[in-house]
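Hi,

Here is the model we talked about handing over. Have a look, and my notes follow below.

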Amino acid sequence: MVKILHLENPEIGKRFEAVRSSLTGWDQAWLDQLRAEAMTRFETTGIPGPKVEEWKYTNLGFLANENFAISNKARQQTEIKTLFDRAHMENIDGPVVVFVNGHIYPALSSYPDGHGISFAVFSENCQAFHPSLANIEYSSALNDLNRAMVTDGYSLEIAPDVVLAKPIQVIHIVTSATDMKLLPVRSQIIAGKKSKARIIETFIGAEGERYWSHMVSEVTLAAKAELSLVQFQLQGKQAIHMTELHTKVAEKANFSHISLQLGSEISRTELLNSFNGEFANVDLRGAYLGRIKQSHDIFTRINHDLPNCNSNQLYRGVLDEGGKSAFQGKVVVARDAQKTNADQSNKNLLLSRKAEANAKPELLIYADDVKCSHGATVGELDSNQLFYLRSRGLDEAAAKGLLVEAFVSEVFDDLDDEILRDKFKEKAAGWLAQELPS
Amino acid sequence: MLEIKNLHVTVGGKEILKGLNLTINDGEVHAIMGPNGAGKSTLSYAICGKDGYEITEGSVTYKGKDFLDMNPDERAGEGLFLGFQYPVEIPGVSNMNFLRTALNSQRCYRGDKDMAAVDFLKLIRAKAKELDMDPEMLKRPVNVGFSGGEKKRNEMVQMAVLDPNLAVLDETDSGLDIDALKIVAEGINRLRASDKAILMITHYQRLLDYVVPDYVHILADGRIVKTGDKSLALALEEKGYVGLGITEAA
Amino acid sequence: MVATKEAQKTVEDVTGEYKYGFVTDIETEKAPKGLSEDVIRFISAKKDEPEWLLDWRLKAYAKWLTMEEPTWAMVEYPEIDFQDIYYYSAPKSADDGPKSLDEVDPELLRTYEKLGISLQEQEVLAGVAVDIVFDSVSVATTFRKKLKEAGIIFCSISEAAHDYPDLMKKYLGSVVPVADNFYSCLNSAVFTDGTFVYIPKGVRCPMELSTYFRINEANTGQFERTIIIADEGSYVSYLEGCTAPQRDENQLHAAVVELVTHDDAEIKYSTVQNWYPGDKEGKGGIYNFVTKRGACRGKNSKISWTQVETGSAVTWKYPSCLLIGDGSVGEFYSVAITNNYQQADTGTKMMHIGKNTSSTIISKGISAGKSQATYRGLVKVMAGAENARNFTQCDSLLIGDQCGAHTVPYIEIKNPTAQVEHEATTSKISDEQLFYCLQRGLEVEDSVALIVNGFCKDVMQHLPMEFAVEAQKLLGISLEGSVG
């Protein structure tokens with residue numbers, strides 16, 4: 001009775017062969033070869049099935065059963081503009097990079113430039129992505145599929161000592177075109193020594209569309225660099241949204257990631273970090289709100305291979321009617337990684353009978369002089385708090401809304417940017433207003 | 001203002017109030033005293049409409065309206081305020097935000113417009129100052145990390161801001177030192193007016209030294225068994241419940 | 001880090017030198033090495049079992065052949081050759097069945113005396129009935145008469161198959177199904193002995209029931225099967241303790257324990273596991289793959305597992321509770337201490353199925369030497385389990401920088417009224433703590449023992465008195481009383 005661990009879909013390989021000669025950079029032999037190699041690896045590995053521990057809570061069955069095609073460069077300008085306006089924070093006066101259906105959309109973009117900033121887009125400069133495509137250190141079935149099919153992406157390199165005054169906004173838009181399904185996008189970010197930057201990524205898509213947005217990001221921080229990556233996930237309710245983020249953080253560098261998961265039917269956020277130097281800090285936090293068939297999966301792995309590093313994870317989930325979530329956080333502290341501080345906190349609020357929350361906060365520790373802890377809770381709203389608020393005149397919906405907002409606000413209360421903080425609140429409150437019974 | 005007739009309340013299948021009658025008119029201050037387990041807190045929760053406090057018989061009428069038909073927030077909108085014996089902690093919600101939401105919810109219920117942010121800020125600062133509360137505490141989450149006295153003071157600030165017609169104060173004086181007690185008493189006295197009423201539930205006579213009630217009732221075994229003026233509280237202090245012929249199971 | 005080195009030494013003193021390492025020389029009767037239908041028939045014939053039980057075993061064997069060893073636990077060991085194991089061995093004298101202690105092989109009795117569990121003494125000592133398993137067959141049962149008067153059945157599983165076939169048929173495999181997992185399936189095919197307990201309605205068992213298991217014969221697998229049923233309103237406390245002689249070959253142990261509580265009944269199951277952990281180089285030691293599960297079938301019933309795990313080279317063990325009856329309660333209190341090359345992957349599963357069910361998990365892991373200790377636990381609240389409550393606390397203490405402590409909790413909640421809390425910390429004995437003790441005049445070993453004891457206190461207090469002493473010895477905390 002051998003368990004079937006991996007699923008297969010031979011159609012994927014066939015489709016790759018069919019579109020191979022029309023993929024971005026098809027005329028460059030090195031790229032075509034790397035794509036083909038990645039596809040071979042993908043086909044050899046297969047699609048991780050539900051018996052694969054890492055995919056216990058997100059079923060990739062859709063990948064075996066549905067056939068996704070590479071998207072075309074759709075051009076419904078009004079729709080693009082509407083979605084863009086919903087995502088774009090115009091009061092942040094900085095560069096904007098817009099992708100539509102997995103392809104760069106120059107009309108709404110203003111690339112980051114200036115002293116010490118090298119910015120490139122895959123479809124305009126494939127060569128810039130050679131390192132990330134050729135380096136198979138980060139190998140996984142879905143990463144390989146992304147490598148094989150990648151349509152576009154961006155590369156950002158910040159020179160040492162350069163401080164970006166304004167955050168860079170990256171907006172990924174998916175329109176309601178019927179001919180596209182798969183959006184494999186990549187990014188690579190290199191933050192030079194003592195550089196400082198913030199990138200705000202927003203994923204937004206049309207309602208009623210089945211598409212699979214898959215993004216792989218590789219981020220490297222040099223010593224004392226500071227990088228903040230903020231992600232808003234506002235995909236359409238039938239979308240599949242996946243991000244795979246690899247970070248390498250050098251000595252005394254600080255990396256922070258904040259995400260808000262609101263959209264999509266299935267979302268999966270993978271955050272995989274390793275430290276390259278001591279006294280570095282990684283802070284991962286996020287809120288996920290789910291209902292009706294929605295499933296959010298946060299999957300983190302932080303490898304503490306070196307001493308004196310800190311990692312902090314803080315995730316808050318709110319699940320309403322039909323929503324489902326998983327937090328799978330893993331901290332691995334290697335033998336020599338003394339004086340490691342690692343904390344994981346995951347709290348979930350169930351608002352409905354048909355909601356489900358799963359948590360697996362894992363600690364694997366091989367060093368003795370460390371401070372590691374984790375906490376996870378699942379529960380409903382506190383009836384005493386609810387009554388207290390109602391006795392002061394708040395109706396049920398308002399009282400619940402206030403408590404839920406307070407519950408998730410822990411995630412973004414410490415953000416140093418008020419515009420962003422308000423955006424988080426606005427988006428979260430919008431979800432609550434929409435969903436809570438009045 | 002408030003008329004309670006033959007009120008029977010069951011909690012968890014057990015009858016706690018067994019036919020309580022109480023009438024409070026405009027401008028009056030009533031105090032209810034009674035031994036442990038007499039049903040004092042049950043009375044306050046029943047008036048405010050907490051879940052789990054089942055009214056099996058009787059009526060609660062407020063300004064001619066049937067209170068029992070209303071949700072807790074509707075009753076608050078009508079001008080009812082409950083000072084909690086154990087004010088609830090709400091992490092993540094700032095005092096300021098909480099009060100503003102509450103005030104505007106009540107105004108909305110009464111058909112008034114939201115209070116402008118600037119006016120609200122002025123109002124709350126003034127009330128905090130009156131009650132000697134550190135303005136920094138307004139920014140902190142509701143009651144989180146507050147001492148017992150600070151929580152009670154916070155209840156008084158809320159009461160002052162929300163300006164209710166009827167305040168039910170459930171052991172607002174318990175656990176307070178003398179200075180805090182004076183401040184709380186002052187908060188209550190500030191509310192006294194000809195068109196308002198106050199119902200104080202208390203264990204001890206000492207609060208009544210500072211807030212002199214018009215009526216004192218003794219609640220025992222789910223009913224009001226004795227009614228008098230301030231002197232009843234003093235007699236009680238002197239002789240105890242047993243001395244007044246009231247036993248726990250009276 | 002002088003302190004840490006000395007701390008390590010203390011832990012070695014506690015767990016390292018195995019003082020029960022001697023071999024008793026008794027003629028044994030063995031089935032041929034390896035596993036086959038014939039061996040199963042041999043075991044069944046030896047036990048003079050009814051036909052249905054043989055069939056049950058054979059079905060389990062057929063199923064087992066299709067299964068694979070689980071690999072998900074954080075333990076590593078050389079592949080087990082299941083054909084290189086004796087599945088049955090019994091002291092020869094057992095064939096005749098000793099009627100009293102006088103008939104028991106004196107060599108065997110002397111073994112127990114060396115271990116400090118003299119039967120004669122225990123008969124006299126207050127309230128402990130002992131069903132001793134030496135390798136795979138019961139050799140003596142005491143206090144049976146007294147228990148019989150209370151209507152309690154306390155006998156070996158083989159006897160139960162003969163004397164109480166209806167109860168056996170009803171409960172065998174009812175909590176741990178045959179195909180539950182690889183090892184439980186193996187056990188179902190080849191179990192040789194174990195204990196059967198039935199507490200009738202309304203009876204409070206007048207004494208702690210206790211069984212000492214010993215593994216004696218080289219290359220002999222131990223496949224105990226224990227069933228305890230607490231009928232409505234009854235109560236029993238069951239003690240399981242283990243010590244095993246030193247051997248070089250690894251010995252396999254795959255026991256199955258099934259507990260059932262009916263309405264308002266309670267079972268308290270305590271274990272002190274002190275099997276041979278292997279030597280300092282990681283040679284030898286017991287492989288302990290145990291399936292323990294209790295079903296709270298009745299309303300307001302309760303199952304409480306307490307374990308102190310100090311032995312075995314490899315431990316794979318998850319005493320679990322199925323909280324089916326409304327208002328039922330599950331508890332798991334565990335201390336797992338590993339040293340040298342020991343590996344322990346242990347924890348629990350709490351399945352909340354009925355309404356108003358609650359569970360508590362307190363797990364304390366202490367790793368020293370080059371050992372690895374893993375807590376692996378599942379708290380699951382099903383959609384219908386209104387108002388389920390769980391509190392989980394798992395703490396790990398590391399002594400030395402060559403060991404590992406891991407926490408792998410799973411929390412799966414499908415009902416909004418659930419309140420589930422999980423907390424975990426990992427720490428070492430702090431220099432400040434140690435210094436504080438030293439400054440107050442304690443020696444290093446005593447200080448470590450004291451701190452370790454304090455660390456484990458929440459669990460140790462749940463052990464019955466009879467066991468607490470032994471467990472405290474095992475943790476090297478004999479000074480606790482004098483230091484306060």
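Chain B has eight helices and 12 strands, counted as DSSP runs from the N terminus (helices are H or I with at least four residues, strands E with at least two). Bear in mind that this is a predicted model, where local features need pLDDT of at least 70, side-chain atom pairs count only at pLDDT 80 or more, and totals for chains, interfaces and linings use all residues. Residues are numbered from 1 along each chain as written, chains are lettered from A and ligands numbered from 1 in written order, and side-chain values use heavy atoms, without hydrogens and water.

On overall shape, the radius of gyration of chain B is 18 Å, which agrees with the value near 18 Å for a compact globule of 250 residues (C-alpha atoms; the rule is 2.2 Å times the number of residues to the power 0.38). Its C-alpha trace spans about 55 × 40 × 35 Å along the principal axes. Of the 250 residues, 52% count as buried, meaning under 20% relative accessible area (1.4 Å probe, protein chains only). Among contacts in chain B with a separation of 6 or more, 69% come from residues 24 or more positions apart; contact means heavy atoms within 4.5 Å.

Now the interface. Chain C touches chain A through 37 residues, in contact with 36 of chain A. The buried area there is about 3000 Å², with 49% from carbon and sulfur atoms (accessible area, 1.4 Å probe, lost on putting the two parts together, summed over both). C:Tyr410, C:Ile411 and C:Pro416 supply 18% of what chain C buries against chain A, more than any other three residues.

Cheers

Notes:
Buried means under 20% relative accessible area, exposed over 50%, partly exposed in between (1.4 Å probe, protein chains only).
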